[in-house]
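Subject: Handover of a structure and findings

Dear colleague,

Please find below the structure that I am handing over to you, followed by an account of what was found in it.

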Amino acid sequence: MTTWLRDETRHDIFRFLREGDEGRHQTARVTADGAAWLASAAGGHDGAALTRWESRPASPAVLPCGTVFDVVNVDPVFGRRMLDRLWEEGPGSGPVAMHRGRMMLFAAPGTAQRLPALLDWEEWGDAVPRPFCHGRGDAVTVPALVPSDSAGPRWLVAPDTLHPWLPGPEVVLWACVRAVRAASAADVRVSIFPPADPDANVYDVSRRR
């Protein structure tokens, strides 16, 4: 399944993607190689996909999962914690997008099938907000190639190579667990006073003369 949302404006997409633009946030900018990688998800029709995207670069597309990538769809606050762990302590992430208030982490094919089982086995798994995992047989909306001011999907980490590194299920699980542990540690409050004794006598000293 490959669907481009309607946008009749025609452009030379590779000219737009290859030209330097110092005003853009480079991390969120799709390169020509990144566009080719995304289009390859359409299977044998990637040439047609690129042709359609060339005519509609400012329009989101619907691409199938399961062969080129899977997508792990998470709560945005928890997703941000996952990204922090992946970039500060781990191997980094693959492409990441935002759509309809959810964060979409692009992962290696097979992740959607394996990750739920790993979360069920992990002792911290019950504390992880359950992600929606999109794999073979599913399709997702991906942001436009050319950034726009619309309220539609947008890239946080855009694809920029023909062969982007994608985290597998074990890496995504690691990020989930680290994010939960970091949140739990932040909730701990340390006091210099010992805990109150519930059986102790309490006197009102406010009336002492």
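I begin with F69, which counts as buried because its relative accessibility is 0%. Please note that the model is a predicted one.

W37 belongs to helix α2 (residues 32-39), whereas F69 sits in the loop between β2 (61-64) and β3 (70-74), so the pair ties together parts that are 32 residues apart in sequence. W37 is buried as well, with a relative accessible area of 6%. Ring pairs join W37 and F69 with F106 and W155 in a cluster.

As to the overall architecture, the protein chain contains 6 helices and 8 strands. Their order along the sequence is β-α-α-α-β-β-α-β-β-α-β-β-β-α. Of the 209 residues in the protein chain, 44% are buried. Among contacts between residues at least 6 apart in sequence, 78% join residues at least 24 apart. The protein chain has an accessible surface of about 12,300 Å², and carbon and sulfur atoms account for 52% of that area.

Strand β3 deserves a separate paragraph. In β3, 5 of its 5 residues are buried. In a regular strand, side chains alternate between the two faces of the sheet. Both faces of β3 are covered, with D70, V72 and V74 buried on one side and V71 and N73 buried on the other. β3 pairs with β5 in the antiparallel sense over 5 bridges, and D70 has A107 of β5 as its bridge partner. β3 is also joined to strand β6 (residues 132-134) by 3 bridges, again running antiparallel. There, V72 stands opposite C133 of β6.

I turn next to the nonpolar cores. The largest nonpolar core has 24 residues, of which F78, M82, V96, M103, L105 and C176 touch the most other members. Two or more residues come from each of β3, α4 (76-88), β4, β5, α5 (111-121), β8 (154-157) and α6 (169-186). The element that gives the most to this core is α6, with 7 residues. Apart from this core lies another, of 22 residues, including L38, V68, M104 and L166.

Which residues does C176 touch, not counting residues up to four places away in sequence? They are F78, M82, L119 and V128. C176 is buried, with a relative accessible area of 2%.

On the cysteines, a search of the whole structure finds 0 disulfides. C176 is in no disulfide, and the nearest cysteine sulfur, that of C133, is 8.5 Å away. C65 counts as buried, at 5% relative accessibility.

Finally, one backbone detail concerns R100. Although R100 is not a glycine, its phi is positive, at about 55°. R100 is located in the loop between β4 (96-99) and β5 (102-107). Is R100 buried or exposed? R100 counts as exposed because its relative accessibility is 78%.

Yours sincerely,

Definitions and conventions
Residues are numbered from 1 along each chain as its sequence is written. This is a predicted model: local features need pLDDT of at least 70, side-chain atom pairs count only at pLDDT 80 or more; totals for chains, interfaces and linings use all residues. Side-chain values use heavy atoms; hydrogens and water are left out. Helices (H or I, at least four residues) and strands (E, at least two) are DSSP runs, numbered from the N terminus. Buried means under 20% relative accessible area, exposed over 50%, partly exposed in between (1.4 Å probe, protein chains only). Contact means heavy atoms within 4.5 Å. Accessible areas come from the Shrake-Rupley method with a 1.4 Å probe; for residues, only the protein chains shown count as cover. Rings of Phe, Tyr and Trp (its six-membered ring) pair if their centres lie within 6.5 Å; planes under 30 degrees apart count as stacked, over 60 as edge-to-face and the rest as tilted. A disulfide is a pair of cysteine sulfur atoms within 2.5 Å. A nonpolar core is a set of buried Ala, Val, Leu, Ile, Met, Phe, Trp, Tyr and Cys residues joined through side-chain atoms within 4.5 Å. Two strands pair if DSSP finds at least two bridges between them.
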